[in-house]
Amino acid sequence: MSDTTTTAETRTGTGWQLRDDAAAAYEEYLVPVIFEPFARRLVDHAAVLPGARVLDVGCGTGAVARAAARRLGHTGTVTGIDINPDMLATARRVTADADAAVEFHQADVTDLPFDDATFDAVLCQQAVQFFDDRVAALGEMRRVTAPGGRVTFSVLRSLAHHPVYDTFARALGRHAGQSAAAMMASPFALGAPETLRADAHAAGFAEVSILIAIGEERFPTVPEFVRREAAGSPLAAPLSALTTERQAALVADLEHELSEYLDDAGLAFGNETHLVSCAS
């Protein structure tokens with residue numbers, strides 16, 4: 001679950017068969033397992049109502065936008081924004097048949113191209129931890145939210161609550177270097193609820209509620225877990241640069257260390273995130 005907020009430089013590496021189109025691989029491999037289930041929970045937690053005007057910030061390939069569109073049916077509108085054009089291209093392709101009116105725009109979250117009070121619900125899934133200026137970004141999200149509306153976002157809990165990803169990060173450090181380990185650890189870097197609460201208050205929100213949501217991830221095998229994580233993220237570059245022997249050593253290391261998470265259907269483990277709901 002490494003950072004996919006910037007375009008990944010992907011290459012085809014011997015033994016890995018990595019995808020050249022990281023955004024499409026992210027949508028194919030990671031969204032169904034991780035981001036689509038939590039998108040539904042985010043929309044449920046935000047209590048999006050029929051007829052609402054919804055903004056999906058850092059929309060990626062549109063998982064939250066699609067979940068909101070399904071909730072709205074033929075009422076309301078959904079707008080997704082992201083800085084990454086490849087993610088947006090994939091979002092437009094896979095969201096073409098949505099019931100509600102859905103559109104996507106390239107935009108910077110610290111300078112949203114919308115008037116004040118444009119949206120009834122502003123949603124953001126697993127992107128706040130990657131914003132350079134979180135308070136400014138949350139302030140912009142607050143600005144475009146209509147009176148009575150809410151900003152609802154999700155941020156992963158720390159690696160201490162994700163032993164499988166912690167094991168993966170440490171193995172990457174041993175086999176692929178500390179930069180690869182840092183990539184794997186980056187989505188979990190904003191796991192302290194007190195930091196989330198302080199950022200939201202600094203952005204002008206008077207009411208901040210934080211809940212813990214727990215989900216499940218499943219992959220057919222440990223090697224497939226590694227391949228899918230690499231194909232849909234910036235990990236593709238450092239992992240495809242490894243020799244075949246070092247790739248095999250990484251996988252063997254993880255197969256040994258993650259053996260307790262294997263069942264008859266493959267690799268299974270928990271995923272914990274904070275759901276943050278904010279109102280002015």
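Is the crossing of α5 and α6 right-handed or left-handed? The crossing is right-handed. This is a predicted model. Two packed helices are described by the angle between their axes and the distance between the axes.

**Annotated domain**
- An unreviewed UniProt entry carries the annotation "domain: Methyltransferase" for residues 54-149.

**Helix α5 with helix α6**
- Helix α5 spans residues 163-175, and helix α6 spans residues 178-185.
- The two pack at an angle of about 165 degrees, and their axes are 7 Å apart.
- Angles over 145 degrees count as roughly antiparallel, so α5 is roughly antiparallel to α6.
- On the α5 side, the contact uses Tyr-165, Phe-168, Ala-169, Leu-172 and Gly-173.
- On the α6 side, Gln-178, Ala-180, Ala-181 and Met-184 meet them.
- By class, the contact of α5 with α6 has 7 nonpolar residues, 2 polar and no charged.

**Helix α5 with helix α10**
- Helix α10 covers residues 244-257.
- α5 and α10 pack at about 150 degrees, with axes 10 Å apart.
- That angle makes α5 roughly antiparallel to α10.
- The crossing of α5 past α10 is right-handed.
- α5 brings Thr-167, Phe-168, Arg-170, Ala-171, Leu-172, Arg-174 and His-175 to the contact.
- α10 brings Arg-246, Ala-249, Leu-250, Asp-253, Leu-254 and Glu-257.
- The contact of α5 with α10 divides into 6 nonpolar, 2 polar and 5 charged residues.
- Phe-168 and Leu-172 of α5 touch α10, and both also meet α6.

**Helix α4 with helix α7**
- Helix α4 runs over residues 134-143, and helix α7 over residues 193-202.
- Their axes come within 8 Å and cross at roughly 55 degrees.
- That angle makes α4 oblique to α7.
- The crossing of α4 and α7 is right-handed.
- Arg-134, Val-135 and Leu-138 of α4 meet Thr-195, Asp-199, Ala-200 and Ala-202 of α7.
- Here the residues are 4 nonpolar, 1 polar and 2 charged.

**Aromatic rings**
- The model has 9 aromatic pairs.
- One aromatic cluster is formed by Tyr-165, Phe-168, Phe-188, Phe-219, Phe-225 and Phe-269.
- Tyr-165 and Phe-168 belong to this cluster, and both are among the α5 residues that meet α6.

Note on methods:
Residues are numbered from 1 along each chain as its sequence is written. This is a predicted model: local features need pLDDT of at least 70, side-chain atom pairs count only at pLDDT 80 or more; totals for chains, interfaces and linings use all residues. Side-chain values use heavy atoms; hydrogens and water are left out. UniProt positions are given in the numbering used here, feature names are shortened, and annotations may be inferred rather than shown by experiment. Axes are lines fitted to C-alpha atoms, for helices over the stretch in contact, and angles run from 0 to 180 degrees between N-to-C directions. Helices (H or I, at least four residues) and strands (E, at least two) are DSSP runs, numbered from the N terminus. Angles under 35 degrees count as roughly parallel, over 145 as roughly antiparallel, 65 to 115 as roughly perpendicular and the rest as oblique. A crossing is left-handed if the near helix is turned anticlockwise from the far one by less than a right angle, and right-handed if clockwise. Contact means heavy atoms within 4.5 Å. Ala, Val, Leu, Ile, Met, Phe, Trp, Tyr, Cys and Pro count as nonpolar, Asp, Glu, Lys and Arg as charged, and the others, Gly among them, as polar. Rings of Phe, Tyr and Trp (its six-membered ring) pair if their centres lie within 6.5 Å; planes under 30 degrees apart count as stacked, over 60 as edge-to-face and the rest as tilted.
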